[in-house]
Amino acid sequence: MAKKDFTPAHAVELYIGNYRFDAIRIVETKEYRMSQNQILSTIGINRNWLITLPFKAPKVYQNLVGEGLNHVTLFAEYTANGVGSRAETISVRDARIIWRYFNTKGNAQAQKLIDAL
């Protein structure tokens, strides 16, 4: 397995409604991103859903891409509360697209997040 390069980042707190997230600010680009795992686990979806989506549900994947999902992940390394962490991240925009999709499927947590946005 190839070694992954991790981009330097800073942890920042992000509140959406009553939800608190450990967002990640990329040092070089100043872009805000979120852990792919945290985005999905918050709405009760298996963290592998996004990884397998193009293969298991290509039509859904293409619809999400049509809505602007770019599905570009970035491996980030940051420190939160004095603990070094690494995460596979996606853009906040992609998180919104994913939550909006699950909102249309009746996911209560996704609906609360979309309402808060």
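**Pocket lining and helix packing**

The largest pocket is lined by Ser35, Gln36, Asn37, Arg47, Ile51, Arg86, Ala87 and Glu88. A pocket is an open set of points on a 1 Å grid over the protein atoms alone, where a 1.4 Å probe fits, with protein on both sides within 12 Å along at least five of seven lines; lining residues have an atom within 4 Å of a point. The model is predicted, and local features need pLDDT of at least 70, side-chain atom pairs count only at pLDDT 80 or more, and totals for chains, interfaces and linings use all residues. Residues are numbered from 1 along each chain as its sequence is written, and side-chain values use heavy atoms, without hydrogens or water.

The volume of the largest pocket is about 170 Å³, taken as the space filled by probe spheres set on the points. Helices (H or I, at least four residues) and strands (E, at least two) are DSSP runs, numbered from the N terminus. β5 provides the largest share, three residues. By class, the lining holds two nonpolar, three polar and three charged residues. Ala, Val, Leu, Ile, Met, Phe, Trp, Tyr, Cys and Pro count as nonpolar, Asp, Glu, Lys and Arg as charged, and the others as polar.

Helix packing was examined next. Helices α2 (residues 49–56) and α3 (residues 58–66) pack at about 110°, with axes 6 Å apart. Axes are lines fitted to C-alpha atoms over the stretch in contact, and angles run from 0 to 180 degrees between N-to-C directions. α2 and α3 are therefore roughly perpendicular (65 to 115 degrees). Trp49, Leu53, Pro54, Phe55 and Lys56 of α2 meet Pro58, Val60, Tyr61 and Leu64 of α3; contact means heavy atoms within 4.5 Å. Eight of these residues are nonpolar, none is polar and one is charged.

Helices α4 (residues 92–104) and α5 (residues 108–116) have axes that come within 8 Å and cross at roughly 125°. Their contact involves Arg96, Trp99, Arg100, Phe102 and Asn103 of α4 and Ala110, Gln111, Leu113 and Ile114 of α5. Five of these residues are nonpolar, two polar and two charged.

Terms used
Angles under 35 degrees count as roughly parallel, over 145 as roughly antiparallel, 65 to 115 as roughly perpendicular and the rest as oblique.
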